[in-house]
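Trainee: Could you show me how to read the pockets and surface patches of a protein model? I am new to this one.

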Amino acid sequence: MARGCCAGSYEAQLLRSLLEACGQCEEVPEAQVDVHTGLSGSGVAFVCAFSEALAEGAIKMGMPSGLAHRIAAQTLLGTAKVLLQKGQHPAQLRTDVCTPGGTTIYGLHVLEQGGLRATAMSAVEAATCRARELSR
């Protein structure tokens with residue numbers, strides 16, 4: 001949420017209590033609202049596309065579709081829980097689960113070759129720019 005110039009502490013706390021019924025609420029400067037839209041609002045679809053891609057990789061390797069989609073979703077849920085509970089940077093968790101010469105580093109190498117990080121960053125940038133255009 002972004003507090004307007006006429007909103008006081010009471011109004012901000014009331015809005016915070018309403019929004020926290022649905023999840024976490026962060027107060028940010030008005031200038032960051034479009035970035036929030038690009039990350040969190042559009043990010044839902046980005047995460048769904050990634051979850052679908054993970055599951056399709058497992059399906060390609062012979063796993064039944066329903067099971068693959070459930071495991072992919074559970075993997076995302078579990079990862080998010082660990083990141084929030086530990087409050088650590090995602091790079092640290094990635095390092096913690098990556099053993100030398102193991103399966104994870106091989107998979108990460110392929111993701112880096114495909115430009116996953118740059119593409120995800122560009123997606124948030126594009127969504128933020130579009131949010132700015134629409135807010136004018």
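Predicted model: local features only at pLDDT ≥ 70, side-chain atom pairs only at ≥ 80, totals over all residues.

Trainee: Which residues line the second largest pocket?

Mentor: The lining is made up of Met-1, Ala-2, Leu-19, Cys-22, Gly-23, Gln-24, Cys-25, Glu-26, Val-28, Val-33 and His-36. The space in this second largest pocket is about 200 Å³.

Trainee: How is such empty space found?

Mentor: Rolling a probe the size of a water molecule over the atoms shows where space is left empty. In this structure, the largest pocket holds about 2,200 Å³ of space. There are 43 residues lining the largest pocket, and those closest to its centre are Phe-50, Leu-76, Thr-79, Pro-90 and Leu-116.

Trainee: Which elements give two or more residues to that lining?

Mentor: They are helices H2 (33-41), H3 (43-60), H4 (65-86), H5 (90-97), H6 (103-113) and H7 (116-134). H6 gives the most to the lining of the largest pocket, with nine residues. Sorted by class, the lining of the largest pocket has 27 nonpolar, 12 polar and four charged residues.

Trainee: And on the surface, which residues form a nonpolar patch?

Mentor: Tyr-10, Leu-14, Leu-15, Leu-18 and Leu-19 do, and together they have about 500 Å² of accessible area. Leu-15, one of these, lies in helix H1 (residues 9-19).

Trainee: Why is Leu-15 called partly exposed?

Mentor: Because its relative accessible area is 35%, and partly exposed covers what lies between under 20% for buried and over 50% for exposed.

Terms used. Residues numbered from 1 in each chain as written. Heavy atoms only, no water. 1 Å grid on protein atoms, 1.4 Å probe; cavity = no way out; pocket = protein on both sides within 12 Å on 5 of 7 lines; lining within 4 Å. Points joined across faces, edges and corners; volume = space filled by probe spheres on them. Helix = DSSP H or I, 4+ residues; strand = E, 2+ residues; numbered from the N terminus. Nonpolar A, V, L, I, M, F, W, Y, C, P; charged D, E, K, R; others polar. Patch = residues over 30% accessible without salt bridge, like charges linked within 9 Å, V, L, I, M, F, W, Y side chains within 5 Å. Areas by Shrake-Rupley, 256 points an atom, 1.4 Å probe, with all protein chains shown as cover. Salt bridge = Lys/Arg side-chain N within 4 Å of Asp/Glu carboxyl O. Buried < 20%, exposed > 50% of the residue type's maximum accessible area, 1.4 Å probe, protein only.
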